Structure formats: C-alpha cells, structure tokens
Amino acid sequence: MNLARFPRISLAHLPTPLERLDNLTRVLNGPEIWIKRDDCTGLSTGGNKTRKLEFLMAAAQAEGADTVITQGATQSNHARQTAAAASKLGMSCHLLLEDRTKKTDFDYTENGNVLLDVLHGATIERCASHPDMNGEMMKVAEKLKAAGKKVYAIPGGGSNPVGALGYVNAALELVVQVNTMGLKVDHIVHATGSAGTQAGLVAGLVGLNSDIKLLGIGVRAPKEKQEENVFKLACSTADLLGMSDAVKREHVMANCDYVGEGYGFPPPATIDAIRMLAKLEAILLDPVYSGKGMSGLIDLVRKGHFRKGETVVFIHTGGQIGLTAYAKDFLSNG
C-alpha cells in the first residue's frame, strides 16, 4: 500500500493518542479497553473527517478548485471540518445542510457545528431531507460553476475512495502503534455511518494482512444496507490501492442494534454511555456517532461478546462540539 503516490495535505495532528481506559475496563470487568483518540486530530475541535480531508482537499487543489462543496445533516461534523479545512487553505466552502431530524430548537439549528461552520466562513444552504443528498449537492455545484466558481464536490462524510485513504492510513498508524507497544489487539470498534471510515479501515487492515477483527456500530442504516455500503466502498478503495479482489464480504461486519429512533436521535443508552465516559475517563463523546458506538461496545461487553482476556480498541471519531446542540437530552435525563 503506497499511500505516498496520492496527493495529500497535512491537516491532522498525527499520530493520534492510543490510551488505555483503566476505569471503564475495571467497571465493566471484561476485556481490556483502549481508545484511539481521533477526536484529537486538531482541525476545528478534531474528528475523523480530518484524515479524509487530507486527501480530498489535496485532490481539490490538484484540480485547481477555489471552492469546495459538501453536504450533511444540520449538525454534520464532516461539514464543520470541511469548512475549517477550506478556511485554512484559503478556499471558499459551500455547505448543503439537510434537515434530517426535524428538530427546530435554536441549539440544534444554530449552535454546535453550525456555529463553527459560520465562524469558518462557510456559506450555508439548507434543504429538506432527501434520499439522494449527493445528487442534490451536485445540482448546487452546477449553479456555483455557472457563477464562475471552480468547484470540487466532496460527498457526504467524505466517503469515497479518495477520502477512505485517510482510514487506510489510520489502520497502518494503529498497527504500528500497537506493535511498538507490544499490544495484542483482538477487536477494533467504531461508529459507522457514511461508510468511509469503516471502508478505509477494512481495506487497510486487509492490505496489512492483519487478523484484528473490525466491528462498526451503525448510527443510521439497517445492518444489511450498512454492510453493503461499506463493502462496496472498501472494494473501490482497494481497487484504488491496486489491491483488487483483496477485500472479501466477511471482512465487513456491522451491528445496527443501537440506532434507536434514527440518525441524530440518541437513545437513553447513548446518553448513559456519554455520561459514563465523561465521569469515568474525562472523555467527551458525541450524541450522533461515538456515543452510539460506545453504547454498543458497553452493551456487547456486558453480553459477553467481548470477553475477559481480549483487548478492544475503540476509535473515537470526534464530534464533541455537537453536545451543545443536544443539551436538552442531558438536562432532561438525569
């Protein structure tokens, strides 16, 4: 896997820390739990999208773009990090924000990630929920081009083969870290949504011939659909790397039992998991992705899916700024 042949801009603070969760491990009395702190990537409060944007923004520059456009839900972490990257690189950013939850309170519509979008100078366009948001984004991109902009379109979540390279690199980074520490890791767990993070990890771990099992905890789609999306993108990413046919269907595993009411709606177990990590480890999770991922991990430990004697690494995908958009969920639940 020669990642050096792909254009890349340094945006993230890498490698991100790998820390043992001593208190959580003790309380759950199960496997040894570690956390990969991709909330510490350093671009506008950090998060997993920064790794993807290193490759995506480099591709945009290579095409001579002066404007990037992307889409996401109102409180999109990806939109915020894209706006920040564009600002840092002196490019314009246009965001198409989808009303995916129908929430109307001020904190959700204007605070959190939306506030940071504005601070980073992005122009924001809002739309109703749509089954093909990337298609809707491309319609807006054409209007920007007609107005004289040189536009580079980034799909939701930065989830295409170029963006997924960021998590191919993360797989390599993590394997080097654990090897250096002499740590035998059995499982990696993370929240999976637009598929790019999991697809990149799958392709990276396969390319490294790693025997670490990877599990995505779904935040939106049903299991069959989520695994289908991840598998398709992982195969495309492997093709880009010159590893055609390396990724097999059995490499892709998702558990979508913790979605709850839907995307952007944290179930009580997610709220509990966020509180638990804040109190036990002084680590803040987010209500949409990492909180659901951690609630799944905690429940699976309690059910014996991950056992004592095993080592599990949880990848923290960031998004803590989104907590400010969900204050009511915490103030009204305990």
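**Helix packing, cysteines and backbone features of the model**

A search of the whole structure finds zero disulfides, a disulfide being defined as a pair of cysteine sulfur atoms within 2.5 Å. The structure is a predicted model, in which local features need pLDDT of at least 70 and side-chain atom pairs count only at pLDDT 80 or more, whereas totals for chains, interfaces and linings use all residues. Residues are numbered from 1 along each chain as its sequence is written, and side-chain values use heavy atoms, with hydrogens and water left out.

In general, a disulfide is a covalent bond between the sulfur atoms of two cysteines. For cysteine 256, the closest cysteine sulfur is that of cysteine 235, at 18 Å, which is too far for a bond. Cysteine 256 is buried, with a relative accessible area of 14%, while cysteine 40 is partly exposed at 29%; here buried means under 20% relative accessible area, exposed over 50%, and partly exposed in between, with a 1.4 Å probe and protein chains only. Cysteine 93 lies in strand β4, residues 92-99, where helices (H or I, at least four residues) and strands (E, at least two) are DSSP runs numbered from the N terminus. Cysteine 93 is likewise counted as buried, at 6% relative accessibility. Residues up to four places away in sequence not being counted, cysteine 93 touches Val68, Thr82, Ala83, Ala86, Ala122 and Thr123, contact meaning heavy atoms within 4.5 Å. The C-alpha atom of cysteine 93 is separated by 5.7 Å from that of alanine 83, 10 residues apart along the chain.

Helix α7 takes part in two of the helix contacts described here. The axes of helix α2 (residues 49-62) and helix α7 (residues 161-181) come within 7 Å and cross at roughly 130°, where axes are lines fitted to C-alpha atoms, for helices over the stretch in contact, and angles run from 0 to 180 degrees between N-to-C directions. The two helices α2 and α7 are therefore oblique to each other, given that angles under 35 degrees count as roughly parallel, over 145 as roughly antiparallel, 65 to 115 as roughly perpendicular and the rest as oblique. The crossing of α2 with α7 is right-handed; a crossing is left-handed if the near helix is turned anticlockwise from the far one by less than a right angle, and right-handed if clockwise. On the α2 side the contact is made by Arg51, Lys52, Phe55 and Leu56, and on the α7 side by Val162, Gly163, Leu165, Gly166, Tyr167, Asn169, Ala170 and Glu173. These residues divide into six nonpolar, three polar and three charged, with Ala, Val, Leu, Ile, Met, Phe, Trp, Tyr, Cys and Pro counted as nonpolar, Asp, Glu, Lys and Arg as charged, and the others, Gly among them, as polar.

The axes of α7 and helix α8 (residues 196-207) also come within 7 Å, crossing at roughly 50°, which makes α7 oblique to α8. This crossing of α7 and α8 is right-handed. Ala164, Tyr167, Val168, Ala171 and Val175 of α7 meet Gly196, Thr197, Gly200, Leu201, Ala203, Gly204 and Leu205 of α8, and by class the contact has eight nonpolar, four polar and no charged residues.

The contact involves Ala269, Thr270, Ala273, Ile274, Met276 and Leu277 of α10 together with Gly291, Lys292, Met294, Ser295, Ile298 and Arg302 of α11, and its residues divide into seven nonpolar, three polar and two charged.

Serine 290 belongs to helix α11, residues 290-302, and counts as buried at 0% relative accessibility. Leaving aside neighbours within four places in sequence, serine 290 is in contact with Ala191, Leu285, Phe314, His316, Thr317 and Gly318. Isoleucine 217, in strand β8 (residues 213-218), also counts as buried at 0% relative accessibility. Among the residues that isoleucine 217 touches, not counting those up to four places away in sequence, are Ala191, Lys292 and Leu300.

Backbone geometry was also examined. In general, most residues other than glycine have a negative phi, and most peptide bonds are trans. A cis peptide bond, with omega about 0°, joins leucine 14 and proline 15, and proline 15 is placed in the segment before β1. Asparagine 29, in the loop between α1 and β2, has a positive phi near 55° and is partly exposed, with a relative accessible area of 49%. Alanine 282, in the loop between α10 and α11, has a positive phi of about 60° and counts as exposed at 67% relative accessibility.
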